[in-house]
Amino acid sequence: DVSQVLERAVALLQPVADASRVTVERDLRPDCVILCTEDDLFQISFNLVENAIKYNYPGGRVFVSVYRDRDQVLLEVGDTGVGIPEEDLPKVFNRFYRVDKARSRAAGGTGLGLSIVRDTARRHNGWVTARPRNPEGSLFTVGFPKYIPDPEGKGAEQ
């Protein structure tokens with residue numbers, strides 16, 4: 001259940017958000033089940049929420065949501081932070097890529113987090129996008145095929 005795993009990641013990062021004076025708002029819908037290891041889903045959730053907090057402003061907000069859209073489960077993490085320049089958006093999932101090298105270094109970034117998110121999502125037949133969030137910040141969306149149990153009990157993905 002994506003909502004449960006995302007909630008656990010947010011709870012673990014809440015002290016970081018509090019120290020940065022960033023508010024995390026949740027809209028986590030039930031029954032958003034995918035076929036993925038819990039550890040991999042946690043890594044995706046943790047990386048996205050941590051970045052949204054880390055690259056935000058004091059007093060900023062992070063928005064996390066999980067919902068179903070037809071045959072997919074979508075996990076979204078948006079923020080009111082520094083954002084990503086349009087020209088850098090296609091590169092943010094490349095290994096070791098950092099938009100602002102000085103700021104990333106100061107915040108402890110290695111440039112691997114979003115690459116891990118993309119590669120992990122792909123391993124589970126998912127995808128990830130990044131785009132500007134209006135009027136400010138960034139919005140990351142990760143999509144997975146929703147899990148539909150096999151009537152014979154073996155499990156199937158659609």
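This is a predicted model: local features need pLDDT of at least 70, side-chain atom pairs count only at pLDDT 80 or more; totals for chains, interfaces and linings use all residues.
Asp 119 is partly exposed, with a relative accessible area of 31%, where buried means under 20% relative accessible area, exposed over 50% and partly exposed in between, computed with a 1.4 Å probe on protein chains only. This residue is found in helix α4, and helices here are DSSP runs of H or I with at least four residues, strands being runs of E with at least two, both numbered from the N terminus. Residues are numbered from 1 along each chain as its sequence is written, and side-chain values use heavy atoms, with hydrogens and water left out.

Staying with Asp 119, its side chain makes a polar contact with the side chain of Arg 118 at 3.0 Å; a polar contact is a pair of N or O atoms within 3.5 Å, where within protein one must be able to donate a hydrogen and the other to accept it, and residues adjacent in sequence count only if both atoms are side-chain atoms. Arg 118 and Asp 119 also form a salt bridge, with the closest N and O atoms 3.0 Å apart, the rule being a side-chain nitrogen of Lys or Arg within 4 Å of a carboxyl oxygen of Asp or Glu. Arg 118, for its part, is buried, with a relative accessible area of 17%. Asp 119 and Ile 44 are 75 residues apart in sequence, and their C-alpha atoms are 9.7 Å apart in space.

How many salt bridges does the rule give? The count comes to seven, and I will take two others from that set. Glu 38 forms a salt bridge with Arg 8, the closest N and O atoms being 3.2 Å apart. Because Glu 38 lies in helix α2 and Arg 8 in helix α1, the pair ties together parts that are 30 residues apart in sequence. Glu 38 counts as partly exposed at 49% relative accessibility, and Arg 8 counts as partly exposed at 39%. The side chains of Glu 25 and Arg 61 meet in a salt bridge as well, at 3.4 Å from N to O. Glu 25 lies in strand β1 and Arg 61 in strand β2, so this pair ties together parts that are 36 residues apart in sequence. The relative accessible area is 32% for Glu 25, which is partly exposed, and 37% for Arg 61, also partly exposed.

Let me turn to helix α2 itself. It covers residues 38-54, 17 residues in total, and reaches 24 Å from its first C-alpha to its last, close to the 24 Å expected at 1.5 Å a residue, the expected span being 1.5 Å times one less than the number of residues. The helix is mostly covered, as twelve of its 17 residues are buried, among them Phe 42, Ile 44, Leu 48 and Val 49. What covers these buried residues includes α1, β1, β2, β3, α4 and β5.

That leads to the nonpolar core, defined as a set of buried Ala, Val, Leu, Ile, Met, Phe, Trp, Tyr and Cys residues joined through side-chain atoms within 4.5 Å. Of the 37 residues in the largest such core, Leu 48, Val 49, Val 62, Val 64, Leu 75, Val 77 and Val 142 touch the most other members. The elements that give two or more residues to this core are α1, α2, β2, β3, α4, β4 and β5, and α2 gives the most, with eight residues. Leaving aside neighbours within four places in sequence, Val 64 is in contact with residues including Leu 6, Val 10, Val 49 and Val 77, contact meaning heavy atoms within 4.5 Å.

Next come the aromatic rings. A search of the whole structure finds two aromatic pairs, where rings of Phe, Tyr and Trp (its six-membered ring) pair if their centres lie within 6.5 Å, with planes under 30 degrees apart counted as stacked, over 60 as edge-to-face and the rest as tilted. Phe 93 and Phe 140 form an edge-to-face pair, 6.2 Å centre to centre with 85° between the planes. Phe 93 lies in the loop between β3 and α3 and Phe 140 in strand β5, so the pair ties together parts that are 47 residues apart in sequence. Phe 93 is buried, and so is Phe 140.

I will end with Pro 58, found in the loop between α2 and β2, which is exposed, with a relative accessible area of 53%.
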